[in-house]
Amino acid sequence: MRQCYIAALACLICCQLTAQVPQMPELRRELLQQHDSAGYLAVLGKISALYDVIDVDSSFQYAVKIRDMAARLHDARGQADANDLMSWYYALKTDFGVAGIYAYKALKIHEQLGDSARIAKTLSNIYVYYRNMGRRKDANNYFYQAFKMASQLPPGNDSVYGILLVNYVMRFYKDSTHADSVRWALKRARQVIEEYPRSKISFYVDAYSLNDLVEKGQGRKAEETIYQLADNALRSGMPYVAMDMYGRLDDFPRMGYHPDTVRYQEKAYALGVQTGSIELNLYWLARLYDYYSRKKDAAHAVQYGREIMRLAAEKRYQPNAHSFDYIEIFLKEKAVSDLRQQNRHQQQVLAAELTESDNNQLIVVGILIMVVLFLALFLGRYWHYQRLKQQDEALLRGYREMAAANQALTETDAFKNKLISILARDFRGPLVHLTAVAARFKSGNLSKAEMASFLKHISITSGKVLEVFDNILKWLRLQLSGYRYEPVRCLLLPLIQSALGPLEAELVRKQIIVKNYIPGSAAVLMDEEMLKLVNIQLLQIAVAVAQAGSMLEITVDRAMGQTEVYIRVKTGEDTHFVLAGLENWQDNGLALGLVISRDLMKMMNGYIIAEGQEHSYLAFGYILP
C-alpha cells in the first residue's frame with residue numbers, strides 16, 4: 001500500500017512549476033534584499049522548504065548549499081535545517097536508514113538549541129521512518145513524544161501540531177475504537193490550520209473529513225470533492241499533495257463506495273511521471289497493469305508492463321533525461337515519413353498524368369528535382385544530427401572517465417585516512433610507554449624487582465605492538481592493487497578461537513562469559529587472513545562495548561546458500577547511541593575497526609551487519625556466500 005506519510009510531506013520544485021507557487025516570487029525578492037550571511041542563509045532555508053512540495057532533487061541541491069554555508073558560518077540552526085531537508089530527500093527515495101541518520105543529527109542540534117517546535121517536527125519525521133521500516137514499537141515511542149511536545153506549543157508556533165494531528169488521523173482512521181479521537185483530531189487540526197492559510201495540511205483535513213460523507217451513502221459527492229481538492233493542490237503548486245488526494249480514493253471501497261479506479265490511478269501516475277517520483281510511480285503502474293491485464297487490453301498491458309520493467313531496472317527514473325535527443329530523433333523520423341508520403345503521392349500523380357499526355361514530362365522533371373532537393377536537405381540535416389550525437393557520446397564518455405578518476409581519488413584518500421588513524425590510535429600509546437620506561441632505566445634508580453616488572457611489561461607491550469603492526473601489514477597487503485583474491489576452505493571454529501585468544505585478559509577483567517556455538521565442521525570458502533582479521537576486529541568491538549558481567553554469544557547459521565555468523569552482547573545502554581558512535585571512524589577507533597571489516601568483507605563478496613536488538617543488545621555479524 002502506498003505510504004501517504006512520505007508523499008504528504010515531500011520535496012522540491014521543477015522549473016516549469018515554479019510560477020505556480022505564489023510564495024516563490026516573494027522569497028526571491030527577500031533573498032535579493034539580504035545584506036548579511038545569516039539572513040541570506042535563513043531565506044535559502046525557506047526556499048528549500050517551499051520547494052519541499054514538488055521536486056526532491058532541487059530541494060536536495062538547496063539543502064547541500066545550506067549545509068556548506070552553515071558550516072562555514074558555524075550556524076547550528078542552518079546545519080539542523082539542512083540535515084532535516086536531506087533526511088526527507090532520502091525518505092522520499094525510500095532509503096529510510098540514511099534518512100534516519102540525518103534526522104538524528106538534526107534532532108541533536110535542535111535539542112542543544114532548545115527549539116521545541118523543531119524537536120517535535122524531527123521526532124515526527126523519525127516516527128515516519130521507523131513506521132515505514134516496520135519498527136512499530138520504536139515508531140510509537142517517537143510518535144507520542146512528538147505529539148506530547150507539539151500539543152504544548154504556543155499559538156502561532158503550533159503548525160507542527162497540525163502535522164501530528166493529521167498523522168494521528170492517518171494512523172487510526174480505520175480503527176473503530178479510535179473513531180471519537182479521530183473526529184477530535186480532525187476538528188482540532190482544522191482549528192490549528194486556520195492560522196496557516198497556505199499550509200498543505202488543510203487538504204488532508206478536508207480529505208479525511210469526507211469519510212463521514214461516504215459512510216452516509218454520498219460516495220459520489222465525496223469522490224468529486226477529492227478531484228476538486230487535487231485540482232486545488234495542483235493550482236497551488238503541490239503535485240505530491242494532489243497524488244495523496246487521489247490515494248484517498250483507495251480507501252472508499254472499505255466504506256461501501258467503489259469509485260472509478262482507472263480514472264484516479266492514471267491521473268496519479270501521470271503526476272508521478274511529471275515529478276520523477278519512481279518510488280511512488282510503481283504503485284500506480286502495478287494497479288493499472290493489473291486492471292488492463294484483467295480487461296485483456298493487450299496494448300495498455302504491454303505499455304505499463306514495459307514501464308514497470310524499465311523503472312524496476314533503473315536506480316532512479318528521470319523522465320526528462322536526454323529529452324532533447326529523443327525529440328530530435330522523433331522530428332527527424334517524422335520528416336522522413338512526411339517526405340516519403342509526399343514522394344509516393346507525387347509519383348502516383350505523375351503516373352496518372354503520363355497516361356494522359358506526354359507533355360506532363362516537364363512536371364515530372366520538376367517533381368524529381370524537388371524530391372532530390374528534399375533528400376539533399378534531409379541528408380544534410382541527418383549528417384548534422386549524427387555529428388551532434390557523436391559529440392554528445394564523446395562528452396558522456398569524458399564525464400564517466402572523470403567520475404571514475406574522482407572515485408579512485410576518493411577511495412585513495414579514504415585509505416590514507418584509515419591508515420593514519422590506525423597508526424595514531426594503535427602505536428602512540430605503546431611508544432609513549434616505551435619512551436617513559438626507557439627514561440626510568442636511564443635514571444638508574446630502579447630496584448631489581450622494578451626492573452624485572454618493567455622488562456616484563458616491555459615484553460608484553462612490544463608483543464602487542466608487533467601484533468598490531470602485523471595486522472596492519474596484512475591489511476595493507478590486502479588493499480594493494482596487485483593482490484589477487486583466491487578463496488580456500490576455512491574452518492570457522494579455529495578462526496574464532498584464535499581471535500578470542502588476545503582478548504582473554506579483557507574478558508576476565510570484565511567477567512564476560514563466552515558462549516561459542518560454532519560447530520567444528522562449519523566451513524566457508526574464503527581468504528583465511530581476511531576472515532581472521534574480520535573476526536579480530538568484530539570481537540574487539542563486541543568486548544569493548546559489552547557490559548561487565550554479561551554474556552558474549554557466537555552463533556552460525558546456514559540459510560539460502562549463505563553462511564551467517566553473529567556475535568551478540570549486552571551493552572547496558574541504548575544501542576542506537578552505540579551504533580551512532582560506530583559511524584564516526586575518524587574519531588572512534590572501534591568504528592575504524594568496523595570500517596576495515598566492511599572493506600575486507602566487500603573484497604570477499606560478503607557484507608557486515610551491525611544492528612540493535614531488544615533496546616540494549618548489540619549484534620555484529622557477517623554474511624558470506
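Before anything else, my rule for salt bridges: a side-chain nitrogen of Lys or Arg has to be within 4 Å of a carboxyl oxygen of Asp or Glu. I also keep in mind that this is a predicted model.

**Salt bridges**

Are Arg248 and Asp251 buried or exposed? Both are buried. For Asp251 I noted a relative accessible area of 5%. Asp251 is in the loop between helix 14 (239-248) and helix 15 (261-275). Leaving out residues up to four places away in sequence, I see Asp251 touching Tyr173, Lys174 and Asn211.

How many salt bridges does the rule give? I get 14. One of them joins Asp206 to Arg190, with the closest N and O atoms 2.9 Å apart. Asp206 belongs to helix 11 (residues 201-209) and Arg190 to helix 10 (residues 179-193), so this pair ties together parts that are 16 residues apart in sequence. I have Asp206 as partly exposed at 28% relative accessible area, and Arg190 as partly exposed too, at 34%.

Asp68 and Arg67 form another salt bridge, at 3.4 Å between the closest N and O atoms. Asp68 is partly exposed at 35%, and Arg67 is partly exposed at 32%.

**Whole chain**

I stepped back to the overall numbers. The protein chain has 26 helices and 7 strands, and 41% of its 625 residues are buried. Of the contacts between residues at least 6 apart in sequence, 67% join residues at least 24 apart. The chain exposes about 34300 Å², with carbon and sulfur atoms supplying 55% of that.

Next I traced an open sheet of 5 strands, which has the order 2-4-5-7-6 and mixed pairing. Which strands are at the edges? I find strand 2 (513-516) and strand 6 (607-613), each pairing on one side only. Neighbouring strands here are turned by 15 degrees against each other on average, direction ignored.

Strand 2 and strand 4 (residues 551-559) run parallel, joined by 4 bridges, and Lys515 stands opposite Glu553 in strand 4. Then I checked what packs on the sheet. Helix 22 (residues 492-500) does, touching strand 2, strand 4, strand 5 (562-570) and strand 7 (617-624), with its direction at about 170 degrees to that of strand 2. Helix 24 (residues 528-545) packs on the sheet as well, touching strand 4, strand 5, strand 6 and strand 7; its direction makes about 175 degrees with that of strand 7.

**Strands 1 and 3**

Strand 1 (residues 488-491) and strand 3 run antiparallel, with 4 bridges between them. Arg489 stands opposite Leu525 in strand 3. In a regular strand, side chains alternate between the two faces of the sheet. I looked for this in strand 3 (residues 523-526): Val524 and Met526 make the covered face, Ala523 and Leu525 the uncovered one.

**Out on the surface**

Val365, Ile369 and Leu373 make a nonpolar surface patch of about 290 Å². Leu373 is in helix 19 (residues 361-426), and I count Leu373 as exposed because its relative accessibility is 56%, over the 50% cut-off.

Last entry: Pro155 is in the loop between helix 8 (136-151) and helix 9 (159-172), exposed at 70% relative accessibility. Pro155 and Glu195 are 40 residues apart in sequence, and I get 8.6 Å from C-alpha to C-alpha.

Note on methods: Residues numbered from 1 in each chain as written. Predicted model: local features only at pLDDT ≥ 70, side-chain atom pairs only at ≥ 80, totals over all residues. Heavy atoms only, no water. Helix = DSSP H or I, 4+ residues; strand = E, 2+ residues; numbered from the N terminus. Buried < 20%, exposed > 50% of the residue type's maximum accessible area, 1.4 Å probe, protein only. Contact = heavy atoms within 4.5 Å. Areas by Shrake-Rupley, 256 points an atom, 1.4 Å probe, with all protein chains shown as cover. Patch = residues over 30% accessible without salt bridge, like charges linked within 9 Å, V, L, I, M, F, W, Y side chains within 5 Å. Pairing = 2+ DSSP bridges. Axes fitted to C-alpha atoms, helices over the stretch in contact; angles between N-to-C directions.
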